[in-house]
Amino acid sequence: MIPEVVQRIPLQYYIFFASALFVIGIVGVLTRRNAIIIFMSVELMLNAVNLLLIAFSTYRSDPNGQVFVFFIMAVAAAEVAVGLAIIVMIYRNVRSVDIGLLNKLKW
Amino acid sequence: MLSIISLSIFGIVNLFLGFLKSRRILLPATLLFLIVALILNSMDWNQQALYFGDMLRVNNVFVNFAGIVLITALLIVGISRHFGNDEEHTHPAEYYAILLFSVTGALMMIGFENLIMLFVGVEVLSVAMYVLTGTDKRNIRSNEAALKYFLMGSFATGLLLFGVAMVYGATGSFKLGGIASYVQMASMYGAVSPLLYVGLLFLFIGMLFKVSAAPFHFWTPDVYEGAPTIFTAFMSTVVKTAGFAAFYKIASTAFAGVYGFWAQSLAVMAVLTLLIGNITAAYQGSFKRMMAYSSISHAGYLLLAVVAKVPSSQSAILFYSLSYSLATVAAFGVLMAVSESRQFEGRGDDRYEAFNGLAKTNPLLAFVLTVSMLSLAGIPLTAGFWGKFFIFSAAVQANLTSLLVIAVLMSCVGIYYYFRVIIAMYLKPAEGEGISVSAGFTLTLVLTTVLTLLLGVFPDVVKNIF
Amino acid sequence: MPILTTLIFLPLLGAIGLLCLPDSARPVFRWVTLVLCALHLALSSWLWLSFDKQLIGYQFTETFDWITLTLGQFGVISIDYALGVDGLSLPMVWLTSLVMLVGAVSSFEIKTKEKAYFSLYLLLTGTVVGCFVALDLFLFFLFFEFMLLPMYFLVGLWGGPRREYASLKFFLYTLAGSVFILLVMIALYLSAVDPAETALSVGLVKDRAMITDQVLDQVHLAISQLQVDPAQLVHTFDLRYLSDPANYVPESLLSTMAGHEIFGMSARLLAFALLFIGFAVKLPMVPLHTWLPDAHVEAPTPISVVLAGILLKIGGYGFFRIAYELFPDGAVYFAAWIAGLGVLSIVYGAFNALSQNDLKRMIAYSSVSHMGFVLLGLAALTPEGANAAIYQLFSHGILSPMLFLVAGVIYERTHDRSIDGYRGLATPMPSYAAWTAVAFFASLGLPGFSGFIGEFFSLMGAFNSTYVPVWMVVAGGFGLVLGAGYFLWTFQRVFLGKTWTMHDTSVLTDLTFREKAMLVPLGLLSLAFGILPGTLFSITEGYVMEFLKKF
């Protein structure tokens with residue numbers, strides 16, 4: 001069922017790779033100060049998840065996982081639209097997207 | 001199920017209503033839409049069914065939770081009086097539409113039977129809330145709240161998704177039933193894949209972020225404080241109810257087989273949430289921020305019921321959500337009226353001092369807020385008392401003694417900060433003159449108060465449905 | 001006429017009625033309250049007279065279904081509106097009426113926000129009576145907690161300079177105590193069932209009228225052999241059922257048979273301890289007493305009167321009615337500890353009273369000391385001890401209002417309650433000095449007054465008891481001596497010698513008619529009950545005999 005080409009790379013590798021990407025994303029969110037970069041890190045996390053889902057899906061020959069990926073991509077796009085709008089709104093007000101400047105509310 | 005479909009259509013209709021010259025029609029129209037949805041929802045009573053390719057389960061639990069969410073939304077729309085009238089809220093049609101969309105998302109979270117549905121529901125709810133948080137466009141605090149909410153929310157979504165992916169890797173299914181049967185089998189043979197544990201952990205962390213339980217609560221106070229009060233009310237009621245409905249569902253069905261694994265860590269988080277929520281709330285100078293921490297502490301009580309995972313947990317969560325939502329809507333409603341008429345440092349005053357002498361200038365508002373505070377504090381003859389009673393009952397049944405002791409002590413701390421506003425209203429001299437409020441606004445607040453007291457005296461009316 | 005319901009709801013309706021009166025009717029408020037309280041006293045006196053001393057158990061019972069909650073596979077929980085009085089609660093109900101009437105007279109000095117004040121006052125009256133007559137634990141708890149709200153506002157709105165602090169402290173302390181009670185309540189209803197309702201729900205009998213003792217025995221047997229489907233059990237809060245061990249489901253948390261342990265301690269003992277703490281806060285017992293002096297000092301005189309006269313009694317009443325009746329095993333197990341805490345309260349309260357300069361604070365600590373005798377008598381578990389504990393509650397309910405009225409008299413004239421601010425008051429205020437002497441001597445336990453009976457029999461009961469070590473009784477007796485010390489010393493400093501005060505002596509007028517109208521009846525009552533203790537003992541005896549059968 002599972003194509004030979006796919007099997008040449010064991011599933012663990014995908015898991016490790018996706019997890020690594022995911023961790024990079026988390027670290028990015030937690031350490032960076034620029035809203036856009038934080039946002040990109042979140043996207044990286046989502047893409048790590050996508051990769052993971054596709055790998056699992058392929059190894060299980062179960063299309064459900066890949067369908068989920070479409071959902072994630074679509075919803076992530078909606079999120080990007082809203083997120084960028086919020087960032088632009090902030091930029092208009094304070095001329096910066098550095099979250100360090102946002103201290104009106106106690107963080 | 002019809003309620004979900006109808007709400008999405010109504011949302012779009014609402015957008016078109018925005019083209020009309022008269023904006024007066026929007027509020028009654030939205031109320032009407034929600035009432036229709038509520039009726040459609042109650043038609044699903046005793047109609048067990050699966051919809052949308054087995055992705056959504058409609059049963060009585062769904063009807064109950066959806067009913068609470070819809071009623072809360074109705075009340076919140078009822079107190080939304082300034083939409084379209086002032087600088088802050090210039091696009092009323094959009095706000096109401098987005099509000100309806102987010103309720104749709106909440107219903108999806110409540111009824112999900114497949115993790116895809118959970119994810120879509122969470123996102124529909126959250127993305128709508130990001131927008132609503134930032135509606136006060138020129139207010140830097142609202143901007144900041146929106147950005148923080150957005151970044152933390154999407155971060156939590158990422159964690160949630162990672163968990164879903166890992167669970168999928170372990171079980172090969174997104175369906176609650178499929179996951180449950182795998183977990184059941186695997187734990188029976190002692191061969192649970194480590195992927196499942198990792199997935200479960202991340203999934204739960206993602207959910208805890210959404211329901212703002214400690215230690216994933218840090219975004220809550222800022223977001224609640226910065227968002228326009230009406231949407232804070234929405235966030236702390238509808239989002240929390242839906243979040244806990246989903247959380248309890250996933251914990252008690254899909255992962256029931258590994259209860260021992262998650263119960264311990266969740267118990268620790270419940271303790272943390274109770275401690276942090278209550279103790280920090282006691283230190284706040286702003287009523288609004290106190291309400292944010294209080295909402296964290298209530299998440300702690302609800303977590304207690306999740307950890308207990310006894311058959312009565314579900315109805316305890318239902319009743320608690322209802323009583324909490326009623327009281328919270330009333331509290332934020334009064335806060336809205338007060339902070340709009342009293343200014344401090346160039347913006348609406350949401351400190352405790354803003355309430356000074358309210359009992360003299362506006363006895364009705366003061367009474368509404370008092371009942372709401374008493375209900376949140378869990379004083380008898382209010383709905384909140386029964387909420388706590390049922391939660392504690394569930395915890396006693398599950399023998400969670402040490403957790404209970406902490407919960408009980410923390411509920412005493414709660415009295416302290418809830419009473420601060422009562423002290424301000426009744427024992428402090430009045431500053432400034434009375435606040436004028438519209439009839440509809442007053443009516444809604446009185447309705448929440450009456451419901452709170454009614455449920456306090458006759459809890460069986462509602463409890464026997466749950 | 002359902003007399004007990006009337007006793008609860010007459011003041012509550014009065015409170016609502018007052019709220020509906022227009023503000024222009026301001027002078028009427030106090031009179032309405034006074035008339036209602038007088039009516040209340042008349043009704044409870046009638047209750048006292050028509051109470052049948054020979055009967056054992058509750059009389060004048062009223063039962064209505066109130067809340068029925070289905071708990072799914074856990075059965076049903078039924079909460080009843082159940083009222084009744086017995087030899088324990090009857091004196092307390094009468095005392096409530098009396099003290100509330102005295103308080104209403106004393107409330108004439110309230111000059112601000114009268115409408116709110118008198119409505120809250122009547123609300124307090126109703127809830128306190130409700131506490132004493134409730135036979136359903138839930139109903140009791142409801143009144144117990146709800147009473148805090150009017151009390152909170154009465155202290156918080158009409159109190160002294162530190163009223164916010166004092167009222168919140170009072171509220172938090174009592175509430176912290178009551179959440180412990182709530183916990184035990186939850187464990188209780190999960191454990192106990194109502195055999196009569198269960199017989200109906202399993203279909204053993206068709207009609208409530210057909211329930212006989214035989215049917216109940218059948219139900220008990222079926223429950224003890226786990227033959228009843230849990231979903232058909234009807235759980236209850238009714239104290240009459242909760243106090244019977246046969247009604248506990250075996251294997252349930254608080255069953256006498258199961259022997260569950262929590263934190264390495266028997267669940268029943270733990271439950272008793274929690275209840276004990278909950279009521280000990282209210283009593284108050286050292287070391288949980290610190291709210292009392294603050295609340296008393298800040299409260300206006302009538303509220304001090306009510307607080308000391310009745311609210312403290314609820315703690316003692318709760319010991320009897322709930323902690324001891326439901327958990328006799330716990331009472332026996334902890335008897336020595338309870339007696340020790342009682343003695344600690346007696347001695348510690350007395351020493352503190354000795355060192356106070358504020359008259360009200362001194363009286364507050366004397367209350368702590370006197371309540372210690374209740375604990376001591378109760379812990380003895382002997383007929384003398386238990387009777388004396390009830391007697392002491394009653395007697396303190398007459399005497400402490402008197403003491404606080406005495407303190408109020410001088411405070412109203414000079415706004416100064418410090419003991420060393422006065423000397424030789426007997427010369428300008430002779431009748432004030434006389435009635436203060438009556439109050440002080442009655443309180444310090446002079447034979448012939450009611451205080452003596454309570455304290456003496458408490459000590460005697462403890463002495464006869466197998467649970468209380470003798471040295472504790474001796475220490476308690478020492479407390480009695482200390483009590484004489486602080487009262488006499490205070491009297492000597494304030495009233496005897498050459499008249500001196502830092503205030504204008506012209507304000508030191510003697511007792512007015514209103515003040516006499518409060519002090520004289522209380523003093524005479526104390527004397528009457530001191531000379532004829534049988535009036536009260538004849539009522540409590542029957543109850544105490546039944547009560548002690550459990551141990």
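Biologist: Before we get into details, what ipTM and pTM does the predictor give the complex?

Modeller: The ipTM is 0.94 and the pTM is 0.91. Keep in mind that this is a predicted model.

Biologist: And chain C, what's its mean pLDDT?

Modeller: The mean is 88 for chain C, and 100% of its residues reach 70 or more.

Biologist: Where in chain C is confidence lowest, and where is it highest?

Modeller: Lowest is strand 4 of chain C, residues 261-262, with a mean of 77. Highest is helix 3 of chain C, residues 89-106, at 92.

Biologist: OK, on to the contacts. Which pair of chains has the most?

Modeller: Chains A and B, out of the two pairs that touch. That contact takes 36 residues from chain A and 31 residues from chain B.

Biologist: Which helix of chain A gives the most there?

Modeller: Helix 4 of chain A, with 16 residues on the side that touches chain B. Helix 2 (11-31), helix 3 (35-60) and helix 4 (64-94) of chain A each supply at least two residues to that side.

Biologist: How do those chain A residues divide into nonpolar, polar and charged?

Modeller: On the side of chain A that touches chain B, 26 are nonpolar, five are polar and five are charged.

Biologist: How far apart are the nearest C-alpha atoms of chain A and chain C?

Modeller: 29 Å, and those two chains do not touch.

Biologist: Switching to the core: which residues touch the most other members of the largest nonpolar core?

Modeller: B:Val69, B:Met109 and B:Leu304, in a core of 438 residues. Helix 6 of chain B, residues 140-171, gives the most to this core, with 19 residues.

Biologist: What is B:Leu304 in contact with?

Modeller: Beyond its neighbours within four places in sequence, B:Leu304 contacts B:Ala270, B:Ile391, B:Ala395, B:Leu403 and B:Ala407.

Biologist: Back to chain C. Is C:Gln59 buried, exposed or partly exposed?

Modeller: Partly exposed, because it has 17 other C-beta atoms within 10 Å, and buried would take 20 or more while exposed means 12 or fewer. C:Gln59 is in strand 1 of chain C, residues 59-70. Leaving out neighbours within four places in sequence, its contacts are C:Phe51, C:Asp52, C:Gly84, C:Val85 and C:Asp86.

Biologist: Last one: which domain does UniProt place on chain C?

Modeller: "NADH:quinone oxidoreductase/Mrp antiporter transmembrane", at residues 134-191 and 257-481, again from an unreviewed entry. Residues 134-191 of chain C are 86% helix and 0% strand, with end C-alpha atoms 20 Å apart. For residues 257-481 of chain C, the values are 76% helix, 3% strand and 45 Å.

Key
Residues are numbered from 1 along each chain as its sequence is written. Chains are lettered from A and ligands numbered from 1 in the order in which they are written. This is a predicted model: local features need pLDDT of at least 70, side-chain atom pairs count only at pLDDT 80 or more; totals for chains, interfaces and linings use all residues. UniProt positions are given in the numbering used here, feature names are shortened, and annotations may be inferred rather than shown by experiment. Helices (H or I, at least four residues) and strands (E, at least two) are DSSP runs, numbered from the N terminus. Two residues are in contact if their C-beta atoms, placed from the backbone, lie within 7 Å. Ala, Val, Leu, Ile, Met, Phe, Trp, Tyr, Cys and Pro count as nonpolar, Asp, Glu, Lys and Arg as charged, and the others, Gly among them, as polar. A nonpolar core is a set of buried Ala, Val, Leu, Ile, Met, Phe, Trp, Tyr and Cys residues joined through C-beta atoms within 7 Å. pLDDT is the predictor's confidence in each residue, from 0 to 100.
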